[in-house]
Amino acid sequence: MPDPTEEIAAIVASRGEPERYSDDLPSAAPEPAATADEREHVSMPQPAAQDTPDGQTPTDFASLTTMQVGGKFAQLLVARTAFELAAHAAGLWESEDSWLLLGGGSNTIVADSGYPGSVLLVRNTGIAVVADDNLPENKVRVRVQAGQDWDELVAWSVAQGYAGIEMLSGIPGLAGAAPVQNIGAYGGELANTLHSVELYERDLAAVRRLPAAELRLAYRDSILKQGYEAVVLSIDLVLDASRDNSTAEGQPLSAPIIFPQLAKALGVKLGAQVPLREVRDTVLRVRAEKGMVLDPQDPNSVSAGSFFMNPIVSEQFARTLPPHAPRFPVDAEEASDTVTTFDAIRDGQLPPLPDYDSGERRVKLSAAWLIENAGIKKGFRLPGSKAAISDKHTLAITNRGGATAAEIGELARYVVSMVQAEFGVVLAPEPNIYGIEI
Ligand SMILES: Cc1cc2nc3c(=O)[nH]c(=O)nc-3n(C[C@H](O)[C@H](O)[C@H](O)COP(=O)(O)OP(=O)(O)OC[C@H]3O[C@@H](n4cnc5c(N)ncnc54)[C@H](O)[C@@H]3O)c2cc1C
């Protein structure tokens, strides 16, 4: 068997001329070829105190995830460069032991019994503008290391006057996980700006740049979420850097506001463009009102964000729901790319699931509406449980202090069963869940 760390060194060394980076921006230096010292370094497990949210050396998932539940792991590894990330992943795959990758832990929930394998923490940071002669002058290509905090990236882009991700302000977690579920909020999603990702792929045992289109990004979904074995080392975004697109005072404008709730909060019409900073500030305010930004002072933010995805069902099925149940059209491309099917047949009364290739239209339902109208209100908790529906948002399950993963799972199952009994729709969880049956 070849030594995986040497293999990686060869891969990194053979990448050829790095692309040019602008000098006056935070740097994400291109990876140099590995030295013998580095190869030694990457083969060793490393302590991680400085890499965790609270600065303590973590011993369990409760201290590594925003839901703050979950037992111990066998071993913790930390990657502080893209090279280390690829090398650790190669070594772990080579060992054939089980392992999982963890960014900010904001979309991961692990059982109280923990996880028998290793955890690899993604901690390579950096943002840089990358030269790209194929782009028009008003666009800029930005390379972001996988361990870069997502919201710091958004703050940076707004400060630079680059539009495209401002509506994704306040989403917790790291950039490398953003393509995994094609993060989205307030009418935007990563797919709108993602150019490509740099992956270390298990089958290839090599580093490869994959265009965004090949990730099959869909609503909270991608091939990475569906089990494609690859580690995101960095992501490239294309943002709008047009200086013509600004207010009379020279403030850069956002992408058009297409989400009604955000337009209302901004006091503008749908389609309007608003100074970038105003969009960011408003999104952060609205998110905070819903407990959707991480805030140590807000117990409603001890969660994994939205626990359930908005179900996508056939138009025919949606007609069986009460007329006032919110429903949103799903465009054909999104429908065909959505791998998971959420349709459930109510009491066997409806015909079999439609053939989506036949062009039947699909609609997205509101999971929050379904939950509330199944009788589960904000703040709901099962008797004696420390897990509760957020006081501010029906879609979030929260840990109200000392909850176990079992209690989180129990509440989630209760919500699923109530919605299924009332509406015949099976809600699917959004987070990545290990060792808990939902
Ligand atoms: C309060 C709150 C609000 C939220 N709001 C939103 C929202 O508005 N929209 C939204 O889309 N999400 C939202 N989320 C969910 C979450 O923030 C995002 O999914 C985020 O992208 C997860 O990033 P992470 O680094 O924390 O991922 P983690 O939980 O660490 O990992 C998530 C998954 O990605 C994998 N992964 C992590 N890094 C990599 C990598 N480098 N390469 C390959 N796979 C990787 C992990 O193995 C895991 O399967 C919210 C979460 C919380 C707690």
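Which residue forms a salt bridge with Glu289? The partner is Arg285, and the closest N and O atoms of the pair are 3.4 Å apart. The model is predicted.

**Salt bridges**

Glu289 and Arg285 both belong to helix H6. They are four residues apart there, so about one helical turn separates them. Glu289 is partly exposed, with a relative accessible area of 48%. Arg285 is partly exposed too, at 41% relative accessibility.

Arg280 forms a salt bridge with Asp151, and here the closest N and O atoms are 2.8 Å apart. Is Arg280 buried or exposed? Arg280 is buried, because its relative accessible area is 12% and the cut-off for buried is under 20%.

Another salt bridge links Glu372 with Lys378, with 3.9 Å between the closest N and O atoms. Glu372 is partly exposed, with a relative accessible area of 27%. Lys378 also counts as partly exposed, at 43% relative accessibility.

Some salt bridges share partners. Through them, Asp132, Arg141, Arg143, Arg209 and Asp236 are joined into one network.

| Salt bridge | Closest N and O atoms |
|---|---|
| Arg280 – Asp151 | 2.8 Å |
| Glu289 – Arg285 | 3.4 Å |
| Glu372 – Lys378 | 3.9 Å |

**The sheet and its helix**

In what order do the three strands of the open sheet stand? The order is E1-E4-E2, and the pairing is parallel. Strands E1 (75-79) and E2 (99-102) stand at the edges. Each has a single partner strand, so one side of each is left without a neighbour in the sheet. From one strand to the next, the twist averages 20 degrees.

Strand E4 covers residues 118-122. Five bridges join E4 to E1, and the two strands run parallel. Within this pairing, Leu77 stands opposite Leu120 of E4.

Which helix packs on the sheet? Helix H3 does, with residues 82-95. Helix H3 touches E1, E2 and E4. The direction of H3 makes about 145 degrees with that of E1.

Conventions
Residues are numbered from 1 along each chain as its sequence is written. This is a predicted model: local features need pLDDT of at least 70, side-chain atom pairs count only at pLDDT 80 or more; totals for chains, interfaces and linings use all residues. Side-chain values use heavy atoms; hydrogens and water are left out. A salt bridge is a side-chain nitrogen of Lys or Arg within 4 Å of a carboxyl oxygen of Asp or Glu. Buried means under 20% relative accessible area, exposed over 50%, partly exposed in between (1.4 Å probe, protein chains only). Two strands pair if DSSP finds at least two bridges between them. Axes are lines fitted to C-alpha atoms, for helices over the stretch in contact, and angles run from 0 to 180 degrees between N-to-C directions. Contact means heavy atoms within 4.5 Å.
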